[in-house]
Amino acid sequence: QMHISRVAGCSSLMTLNAKTRWGRFCLNALENRTVDGLTIEDVDALLPATVPIHYIKMDMQGLDGKIIMSMTPTFLARVRAIEFEAFNPQCTNLYEGQLTCPQIAAFLTRNGFEGKCQPGCEPTSKFVAKEGRGVIHARL
């Protein structure tokens, strides 16, 4: 169920954290609505296995970490860079169960990426594949 907020940028599949301190303008959903979606497995199945993924940019309203952590090593081997939004531990999470940037960073580092979490409550951070990590290259 998509929780529809008065503020479009706050609508999410995740439940808003009633105890958030910085995103209080997001509280009070107008309605819940069923929406269609794709999983990472769906996206992977749509792309030929030999095609590299140069850049993933996501802003999934609190789901970025869960989506990234659902990516298999085989899928991640095709990815050159990932940009995402995630909150930092010094701030209150906007959504219940939302993963922190350091949690996502640790996963990406274990899977051959490098980068760092940016300062702020919910900044955009970018991680890139380490040199020599073995990113799949397509022959065209």
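Helix H4 lies across S4, S5 and S6, and runs at about 165 degrees to S4. That angle is between N-to-C directions, from 0 to 180 degrees, with axes fitted to C-alpha atoms, for helices over the stretch in contact. Helices here are DSSP runs of H or I with at least four residues, strands are runs of E with at least two, and both are numbered from the N terminus.

Quick note on the source. This is a predicted model, where local features need pLDDT of at least 70 and side-chain atom pairs count only at pLDDT 80 or more, while totals for chains, interfaces and linings use all residues. Residues are numbered from 1 along each chain as its sequence is written, and side-chain values use heavy atoms, without hydrogens and water.

Now the sheet. It is open, has four strands in the order S3-S4-S6-S5, and its pairing is mixed. Pairing requires at least two DSSP bridges between two strands. S3 and S5 (113-115) are the edge strands, each pairing on one side only. S3, residues 56-57, runs parallel to S4, with two bridges. There, Ile-56 sits opposite Ile-82. On to S6: five bridges join it to S4, antiparallel. Ala-81 faces Val-128, and Glu-83 has Lys-126 as its bridge partner.

Buried means under 20% relative accessible area, exposed over 50%, partly exposed in between, using a 1.4 Å probe and protein chains only. Ala-81, Glu-83 and Glu-85 point one way; Ile-82 and Phe-84 point the other. Note that both glutamates are among the buried residues.

Next, packing. The largest nonpolar core has 21 residues. Such a core is a set of buried Ala, Val, Leu, Ile, Met, Phe, Trp, Tyr and Cys residues, joined through side-chain atoms within 4.5 Å. Those with the most contacts inside it include Ile-56, Ile-82, Phe-84 and Leu-108. H3 (73-76), S4, H4 and S6 (124-129) each supply at least two residues. H4 gives the largest share, five residues. Take Leu-108: beyond neighbours within four places in sequence, it is in contact (heavy atoms within 4.5 Å) with Ile-68, Ile-82, Phe-84, Phe-113 and Phe-127. A second, separate core has eight residues, among them Cys-10 and Tyr-95.

Last stop, Thr-100. It is in the loop between S4 (81-85) and H4 (101-110). Why does Thr-100 count as buried? Because its relative accessibility is 13%. Setting aside neighbours within four places in sequence, Thr-100 is in contact with Ala-86, Phe-87 and Pro-89.
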